[in-house]
Amino acid sequence: MIPPLGYALEREVFAMGGIRQKIDSIAVKTLISYLDSDPENNIPRILQWLRHFDKDSPYNSMYEQISKYLEDPSNNWNIFMKTIYSNSRIEPRVRKRLFGNFAVNAGFLGKRQRSAVSEAEGCNVPWAILLDPTSACNLRCIGCWAAQYGQQFSLDYNLLDRIVRQGKEMGTFVYLFTGGEPLLRKDDIIKLCSSHGDCIFSAFTNGTLLDEPFADKILEVGNFVPAISIEGFEEETDMRRGKGTYRAVLRAMDILRERRLPFGFSSCYHRKNTSVIGSEQFFDEMMDRGCLFGWLFTYMPVGRDAVPELMATAEQREFMYRRVREFRRTKPIFTLDFWNDGDYVEGCIAGGRCYLHINAAGDVEPCAFIHYADSNIKEKSLLEALKSPLFMEYRKKQPFSRNYFRPCPLLDNPGCLSYIVHASGASSTEFSAPEDVDTLTSKCTRAAMAWEPVARRLAEEKLQGIPETAETAAGKEKNL
């Protein structure tokens, strides 16, 4: 029997009972309708209301900044919001459900719930949980650890459902599927979305299995948002993922766009494709295809079949840092740069601080790129895993550097991950070939040393308020 949260949950429910009722009745039923009736004029009013409601939040200044953006009709964030609220772009019923789940459940209600549990239990509580429904994949991408796993591991539906239910008790309402290829479990994913209509679900998918019948089911449940993996244009994508993959990705995007479903792209930049991923042509193509957001990752040499030679250089990583920030000012698409946005979130967000990862064998890992664990979800509850030695070591050590441009304990801070793993007694979760943490760390040391002076310079620039310009980013692109 998985133990309940007990007093922590009871304390939270007691503390926020009145707030929960007001949010549920006003925000979900009235506020969203008010927003849809006249988004251009009502979004600023709602932001003002939220700012007053959330006045004790450390992120309260964010509302003021967003309000300034929305006062400028030429600002790309203003354009982005108008795109979101265009009925020709997103089916209104889907938009309403996603807004309620994201802003209300994962946002205001979830944040208070997570904070209360974290304070009561003395551990991190994540905003999102990454889950691998299966270790299997229909592709064999160069340098990907999933290629070696085969089809031997999976999380059955009852376990997936139990994880989501435990997560919601702690205030976690966002669940992202990884793998393997998560769409090999289409039926279970749709069933979870239907059973937990108050959550947001997403998947990092290669897109090759996304067909019309599945898209129709996404439209029906209304709370699933795919992130389709793409490595650049056809040459770059097919180079790592196999011939014909790029065309399959474009077809998947067409299917989603035709049904007015929200979706985005996910790109891993490495030594051979960074100039393409960071190009205006690529971003413009993704927006033209209908993407509303983009996840950006850098290649990590994890696993037996890793190719360290694919790791991006320090110059390429800096180029992506500058390019993404420039595009945020000029292009109406929401982007997240998993490593280079450390200065926004004060370092590493893994280890349950904002998210954690559960692989297809049930191992509870701090990060999708950190394959070490001391807990398995088949034997422990989420709360017990978050209070395990591995996650508590993460919590004690975060941030891993005072320079938030060096957020990662593996890629940016040599020896940090090794210390955590050894101190906690965690073991490698690599299925076929366990990887010694010191061996893994050694593959990243050179990259960390090359990045350190760049990170120091970026931190100094930010401290001095030196702005990035399109000319600077474009000039660096020519040098790649």
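Predicted model: local features only at pLDDT ≥ 70, side-chain atom pairs only at ≥ 80, totals over all residues.
A pair of aromatic rings is described by the distance of the centres and the angle of the planes. With ring centres required to lie within 6.5 Å, the count comes to 21 aromatic pairs. One of these pairs is formed by F214 and F224, with 5.9 Å from centre to centre and 75° between the planes. The angle is over the 60 degrees required for an edge-to-face arrangement, so this pair is classed as edge-to-face. F214 belongs to helix α8 (residues 212-221) and F224 to strand β4 (residues 224-229), so the contact ties together parts that are 10 residues apart in sequence. F214 and F224 are both buried.

For F297 and F369, the ring centres are 6.1 Å apart and the planes stand at 45°, so the pair is tilted. This pair links distant parts of the chain, 72 residues apart: F297 is in strand β6 (residues 293-298), while F369 is in the loop between β9 (364-365) and β10 (372-373). Both F297 and F369 are buried. These two residues also belong to a cluster linked by ring pairs, together with F204, W295, F338, W339 and Y355.

Charged side chains sit over aromatic rings at two sites described here. The charged end of R317 is placed over the ring of W451, 4.1 Å from the ring centre. K331 lies over the face of F327, and the corresponding value is 5.2 Å from the ring centre.

Strand β5 (residues 264-269) has six of its six residues buried, so the strand is largely enclosed by the rest of the structure. In a regular strand the side chains alternate between the two faces of the sheet. In β5, G264, S266 and C268 point one way, whereas F265, S267 and Y269 point the other way, and all are buried. β5 runs parallel to β4, to which three bridges join it; among the residues involved, I228 has F265 as its bridge partner in β5. β5 also runs parallel to β6, and here six bridges join the strands. C268 has F297 as its bridge partner in β6, and F297 is the buried residue whose ring forms the tilted pair with F369.

Two packed helices are described by the angle between their axes and the distance between the axes. Helix α13 (residues 314-330) packs against helix α18 (residues 437-464) at an angle of about 30°, with the axes 9 Å apart. Since angles under 35 degrees count as roughly parallel, α13 is roughly parallel to α18. The crossing of α13 past α18 is right-handed.

Two cis peptide bonds were examined. One joins G179 and G180, with omega about 15°, and G180 is located in the loop between β2 (174-177) and α7 (186-195). The bond from Q398 to P399 is also cis, with omega near -5°; P399 is placed in the loop between α16 (389-397) and α17 (416-424).

Positive phi values occur at the following non-glycine residues. R260, with phi of about 55°, is in the loop between α10 (245-258) and β5. The relative accessible area of R260 is 31%, so this residue is partly exposed. E346 has phi of about 60° and lies in the loop between α14 (342-345) and β8 (355-358). With a relative accessible area of 46%, E346 is likewise partly exposed.

Terms used: Residues numbered from 1 in each chain as written. Heavy atoms only, no water. Phe/Tyr/Trp six-rings, centres within 6.5 Å; stacked < 30°, edge-to-face > 60°. Helix = DSSP H or I, 4+ residues; strand = E, 2+ residues; numbered from the N terminus. Buried < 20%, exposed > 50% of the residue type's maximum accessible area, 1.4 Å probe, protein only. Lys NZ or Arg CZ within 6 Å of the ring centre and 35° of its normal. Pairing = 2+ DSSP bridges. Axes fitted to C-alpha atoms, helices over the stretch in contact; angles between N-to-C directions. Parallel < 35°, antiparallel > 145°, perpendicular 65-115°, else oblique. Left-handed = near helix turned anticlockwise from the far one by under 90°.
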